[in-house]
Amino acid sequence: MLDYHVHSQHSVDAEGDVRDHCRQAVKQGLLDLGFSDHLDFDPRDAGYGFLSLDRYLDDVARCREEYAGRLHVRCGLEVGELHRYWPQVSRVLQKSAGRLDFVIGSVHWYGGTLLGGDRYRALTPRARYAPYFAEVLALVDHGGFQILGHLDLVSRYPIPGSPPVPEEHQEEIRAILGAMLRHGIVPEINVSGIRHGICSFLPPRPVLEWYRELGGNIVALGSDAHGPASVGAMIPQAVRLARDLGFGYLARFERLELSPLPLT
Ligand SMILES: [Zn+2]
Ligand SMILES: [Zn+2]
């Protein structure tokens, strides 16, 4: 039971202090709790300039000590469009050297459009999806992070009556999965779509099957909680899916190093 995608009040769109999240993680029986507060450099993003890095790192470090022996508290970041802001991101990574356990690379913005926003919703399917997958491929090809956040996030915003996204974009998605394997970047099973009752796991099951076919054997798990109540929620279902698909390991990270946990 691991949860490597959790936002606290250090993210602009989340609530609850780090300690409340830890308390809930212990209640849920988690082994590892990975905080992944937002780091955004796109000036149009609501989270731009919001994160106070030292306060965040200190808060998580304090709870790591407090919960030692009961819960592994990991410190991560979810970085938006890391490949477009690498000079700024690498400065943050240098500043946090030895204090960060993992980085999630995510695409929330592409072509000046926020995924799920008004402008996005006005786009045709082709204009929505193809540029999204191109942006994700550019991110993965850049590297510099450990977990790819919510691959196929576009499935969370389906167009009624159009075919499911993964099947329509299999070629692009397979290219992304191949690049992930080459760069040692693991996918996550992000349960936010299920929790909100909007769609399936992100990425959806067929994408995880293609990843397995290509030789992928390690997967990360993430609730994408934006408050303590959702910490660890639906993670047992994600573990069941990983097991059904024959994954051998769950991803754990310490100081940016992967330490896979066998999935028995
Ligand atoms: Zn995200
Ligand atoms: Zn997130």
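1. His-150 counts as buried, because its relative accessibility is 3%; buried means under 20% relative accessible area, exposed over 50%, and partly exposed in between (1.4 Å probe, protein chains only). The residue lies in the loop between β7 and α6. Helices (H or I, at least four residues) and strands (E, at least two) are DSSP runs, numbered from the N terminus.

2. A word on the basis of these points: this is a predicted model, in which local features need pLDDT of at least 70 and side-chain atom pairs count only at pLDDT 80 or more, while totals for chains, interfaces and linings use all residues. Residues are numbered from 1 along each chain as its sequence is written, chains are lettered from A and ligands numbered from 1 in the order in which they are written, and side-chain values use heavy atoms, with hydrogens and water left out.

3. Which residues coordinate the zinc ion (ligand 1)? The donors are Glu-78 (OE), His-108 (NE2) and His-150 (NE2), at 2.2 Å. Their spacing in sequence is E-x29-H-x41-H. The two histidines link distant parts of the chain: His-108 is in the loop between β4 (102–106) and β5 (109–110), His-150 is in the loop between β7 (147–148) and α6 (165–168), and they are 42 residues apart. Both His-108 and His-150 are buried. Donors are N, O and S atoms within 2.8 Å of the metal (3.2 Å for Na, K and Ca); water is not among the atoms, so sites may look incomplete.

4. Glu-78 coordinates both the zinc ion (ligand 1) and the zinc ion (ligand 2), which are 3.5 Å apart. Glu-78 is also one of the residues touched by Asp-37, where contact means heavy atoms within 4.5 Å. Asp-37 is found in strand β2 and is buried, with a relative accessible area of 0%. Leaving aside residues up to four places away in sequence, its contacts include His-7, His-10, Tyr-56 and Leu-77. The C-alpha atoms of Asp-37 and Glu-171 are separated by 31 Å, and these residues are 134 apart along the chain.

5. The structure holds eight aromatic pairs. Among them, Phe-41 and Tyr-85 form a tilted pair, 6.2 Å centre to centre and with 35 degrees between the planes. Phe-41 lies in the loop between β2 (32–39) and α2 (53–66) and Tyr-85 in the loop between β3 (72–80) and α3 (86–95), so the pair ties together parts that are 44 residues apart in sequence. Phe-41 and Tyr-85 are buried. Rings of Phe, Tyr and Trp (its six-membered ring) pair if their centres lie within 6.5 Å; planes under 30 degrees apart count as stacked, over 60 as edge-to-face and the rest as tilted. Tyr-4, Phe-102 and Phe-253 form one aromatic cluster.

6. Two arginines sit over rings. The charged end of Arg-70 is over the ring of Tyr-67, 4.3 Å from its centre, and Arg-212 lies over the face of Phe-247, at 5.4 Å from the ring centre. The criterion is that NZ of Lys or CZ of Arg is within 6 Å of the ring centre and within 35 degrees of the ring normal.

7. Helix α2 has 14 residues and reaches 20 Å from its first C-alpha to its last, close to the 20 Å expected at 1.5 Å a residue; the expected span is 1.5 Å times one less than the number of residues. Which residues of α2 are buried? They are Leu-53, Tyr-56, Leu-57, Val-60 and Cys-63. These residues cover an arc of only 130 degrees around the axis, which puts them on the same side of α2; the arc is that of the directions from the helix axis to the C-beta atoms. The cover over them includes α1 (18–27), β2, β3 and α3. The face turned away from the buried side carries the exposed residues Arg-55 and Glu-65.

8. Just after α7, Gly-184 takes a positive phi of about 70 degrees.

9. Two further backbone features should be noted. A cis peptide bond, with omega about 0 degrees, joins Leu-202 and Pro-203; Pro-203 is in the loop between α8 (192–195) and α9 (205–213). Arg-255, in the loop between β11 (253–254) and β12 (257–258), has a positive phi near 50 degrees and is exposed, with a relative accessible area of 57%.
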